[in-house]
Amino acid sequence: MKKVVKFGGSSLASAEQFKKVKNIITAEKERRFVIPSAPGKRYSRDVKVTDMLYRCYHAAERGKDFSEKLKEIQKRYQEIIDGLGLKLSLKDEFTVINENFKKKVGEDYAASRGEYLNGIILAEYIGYEFIDAAEVVHFTAAGSLDAGKTSAALSERLSGAEHAVVPGFYGSNAAGEIVTFSRGGSDITGSLVAAAIQADLYENWTDVSGFLVADPRIVEDPQVIETITYRELRELAYMGATVLHEDAIFPVRKAGIPINIRNTNAPKDKGTLIVEGTCRKSKYTITGIAGKEGFASITVEKAMMNAEVGFGRKLLKVFEDNGISFEHMPSGIDTMTIFVQQDGFEEKEQKVLAEIHREVEPDHIELEADLSLIAIVGRGMRATRGTAARIFSALAHAHVNVKMIDQGSSELNIIVGVRNHDFKNAVNAIYDIFVTTQL
Ligand code: ASP
């Protein structure tokens with residue numbers, strides 16, 4: 001059995017955290033390949049090393065003195081080394097970094113040093129081999145991942161290693177330049193390594209005990225989801241629930257490897273298992289609730305719309321021509337409503353309205369702003385009667401007026417649209433009925 005374990009920034013923010021990480025790794029001999037992030041925040045107002053590196057490099061790029069900023073970064077690492085009682089010195093590494101910053105070798109190089117240095121320390125501390133991600137994670141000249149080359153390089157290099165630390169977040173291109181993923185990209189490295197070595201499990205260690213049924217900023221102390229499918233996760237993530245980088249899903253999903261989200265600060269908690277499919281029923285009828293504020297709706301009315309072939313296409317083409325993606329499109333006999341994100345829509349609003357008039361000659365157009373969409377997601381819904389009834393009675397009791405309802409054809413979700421000012425109340429009402437009272 002082989003496990004790939006990835007630790008996020010807060011799990012490796014200090015010597016104290018490093019000690020917890022070592023305990024976790026040594027607790028199971030299957031935990032053979034470790035992907036570290038750069039040191040994250042030690043307390044809520046702290047600054048992540050990645051951000052310190054970006055700032056330092058930007059000063060270097062502008063020709064300003066960056067020595068103090070670099071010293072601060074070195075200090076963060078030195079504190080970890082001293083706290084762990086290691087003999088390791090990063091002096092030479094910082095000399096090279098200093099030179100490269102002066103040469104302005106690139107922002108990606110700068111940011112990647114966070115993971116690189118943390119990887120060196122972690123490898124030394126736990127006695128694993130250090131493998132520079134620049135050797136095994138490959139990018140194209142255009143800056144996107146070269147998946148084929150990466151998979152081949154990783155499986156070749158790692159098949160000869162019993163234990164290794166591979167820093168997350170970066171790799172290199174054919175010209176030898178360092179390239180990073182987008183922020184939070186160490187999750188992707190972990191997933192690539194897991195897929196390449198055909199791991200049995202990809203453990204992603206963070207600072208929460210898994211994926212939560214609802215957003216803790218809205219619902220007080222929500223329950224953890226024990227098992228979730230990739231499809232459910234996608235629905236919830238699309239609606240704003242995040243634990244993992246989106247691009248981290250694909251490589252492991254394709255290889256049939258489950259992901260286990262775990263908490264470095266509570267290693268006994270089982271966390272959330274993300275799987276392709278499962279016979280396990282979720283504890284509650286629903287798996288999770290997520291939602292977003294800030295939508296607008298455009299309702300187009302025209303008598304006999306139902307008989308006009310091509311009406312929908314013409315209407316949607318207006319949005320397409322303006323580069324606006326639509327979220328939902330509930331329709332009636334003579335009406336069609338398009339839900340869009342308010343932000344991007346507002347500036348194009350009048351142009352879009354004029355074009356709708358030209359294209360479909362409606363009788364009337366009505367706009368509504370400040371709407372929220374809430375997704376209630378659950379694989380259990382298909383086989384359960386009365387889910388929708390429970391949602392709507394909960395919302396009615398909470399005095400929430402439902403503006404839109406959309407049940408996805410997969411019966412995996414029900415989306416409801418409400419006013420922004422009802423958003424939190426609505427999420428709490430739905431959580432209460434399914435999770436707290438379990439009616
Ligand atoms: N250190 C990088 C960031 O802060 C990547 C990561 O942590 O996954 O975005």
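**Close-up views of a predicted model**

**View A. Val 34 lies in strand 2 (residues 31–36).** The model shown here and in the other views is predicted. With a relative accessible area of 0%, Val 34 is buried. Setting aside neighbours within four places in sequence, Val 34 is in contact with Val 5, Phe 7, Ile 25, Leu 122, Ile 126, Tyr 128, Ala 164, Val 165 and Val 166. Between Val 34 and Phe 130 there are 9.7 Å in space, C-alpha to C-alpha, and the two are 96 residues apart in sequence.

**View B. Helix 1 (residues 15–27) crosses helix 5 (residues 107–126) at roughly 55°.** The two axes come within 11 Å. At this angle helix 1 is oblique to helix 5, and the crossing is right-handed.

**View C. Residues of helix 1 meet residues of helix 5.** Helix 1 contributes Phe 18, Lys 19, Val 21, Lys 22 and Ile 25. From helix 5 come Asn 118, Ile 121, Leu 122, Tyr 125 and Ile 126. By class, the residues of this contact are seven nonpolar, one polar and two charged. Ile 25, Leu 122 and Ile 126, named in this contact, are also among the residues in contact with Val 34.

**View D. Cys 56 is buried, whereas Cys 279 is exposed.** The relative accessibility of Cys 56 is 0%, so this cysteine counts as buried, under the 20% limit. Cys 279 has a relative accessibility of 79% and therefore counts as exposed, over the 50% limit. A disulfide is a covalent bond joining the sulfur atoms of two cysteines. The structure holds zero disulfides.

Definitions and conventions
Residues numbered from 1 in each chain as written. Predicted model: local features only at pLDDT ≥ 70, side-chain atom pairs only at ≥ 80, totals over all residues. Heavy atoms only, no water. Axes fitted to C-alpha atoms, helices over the stretch in contact; angles between N-to-C directions. Helix = DSSP H or I, 4+ residues; strand = E, 2+ residues; numbered from the N terminus. Parallel < 35°, antiparallel > 145°, perpendicular 65-115°, else oblique. Left-handed = near helix turned anticlockwise from the far one by under 90°. Contact = heavy atoms within 4.5 Å. Nonpolar A, V, L, I, M, F, W, Y, C, P; charged D, E, K, R; others polar. Disulfide = S-S within 2.5 Å. Buried < 20%, exposed > 50% of the residue type's maximum accessible area, 1.4 Å probe, protein only.
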